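The sequence and structure come next.

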Amino acid sequence: MLMSPVSECSTHSKPTYIQSYERSREENILLERQVMSTIDEVLKSFLRWLEVEKGYSPHTVEGYGRDLEEFAVTLPKDIAITGVEAVHIRRFVVGLYGHNSAATVGRKLSALRTFFKFLLKEQIVSSDPIVGI
């Protein structure tokens, strides 16, 4: 049975612009969760690769994970891994120098280099933003 548009409307329904705003807000929240889970999934995949394919010890894999998570939290909330640029990495590295030794900064850069080489190999990114840093 077809209903007329008038019978579908409720006298208590929200104005269209409010419904549109709420829908956009919900879509943005879902998109943000999707982007974050994508970064999380790529990181999990990388850490599995280090352990299984490269044979790294659990301790080493945990260290890579901590270093990369530290980098990930410095990224803008709405950025996907494919949107990471050299400027994001430079900003991260500059922030490390105040409270880390040169060896620690080098280790974190090494983790980033290995991570982005993996992303290139897996064709997740099309260019390596850490080249030249």
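## T82 and its contacts

Leaving aside neighbours within four places in sequence, T82 is in contact with I124 and V125, where contact means heavy atoms within 4.5 Å. The C-alpha atom of T82 is separated by 8.7 Å from that of S127, and the two residues are 45 residues apart along the chain. T82 is found in the loop between α3 and α4 (86-96). Its relative accessibility is 56%, so T82 counts as exposed (exposed means over 50% relative accessible area, buried under 20%, partly exposed in between, with a 1.4 Å probe and protein chains only).

## Basis of the model

This is a predicted model, in which local features need pLDDT of at least 70 and side-chain atom pairs count only at pLDDT 80 or more, while totals for chains, interfaces and linings use all residues. Residues are numbered from 1 along each chain as its sequence is written, and side-chain values use heavy atoms, with hydrogens and water left out.

Helix α3 has 15 residues and reaches 21 Å from its first C-alpha to its last, close to the expected 21 Å (the expected span is 1.5 Å times one less than the number of residues). Buried in α3 are V61, G63, Y64, G65, D67, L68 and F71.

Helix α3 (residues 58-72) packs against helix α5 (residues 102-121) at an angle of about 85 degrees, with the axes 9 Å apart. That angle makes α3 roughly perpendicular to α5 (65 to 115 degrees; under 35 is roughly parallel, over 145 roughly antiparallel and the rest oblique). Axes are lines fitted to C-alpha atoms, for helices over the stretch in contact, and angles run from 0 to 180 degrees between N-to-C directions. On the α3 side the residues are Y64, D67, L68, E70 and F71, which meet R107, K108, A111, L112, T114 and F115 in α5.

## Aromatic rings

Ring pairs link F46, W49, Y56, Y64, F115, F116 and F118 into a cluster. The count comes to eight aromatic pairs, a pair being rings of Phe, Tyr or Trp (its six-membered ring) with centres within 6.5 Å.

## The chain as a whole

The chain has five helices and zero strands (DSSP runs, with helices H or I of at least four residues and strands E of at least two, numbered from the N terminus). Of its 133 residues, 30% count as buried. Among contacts with a separation of 6 or more, 55% are between residues 24 or more positions apart.

Methods:
Phe/Tyr/Trp six-rings, centres within 6.5 Å; stacked < 30°, edge-to-face > 60°.
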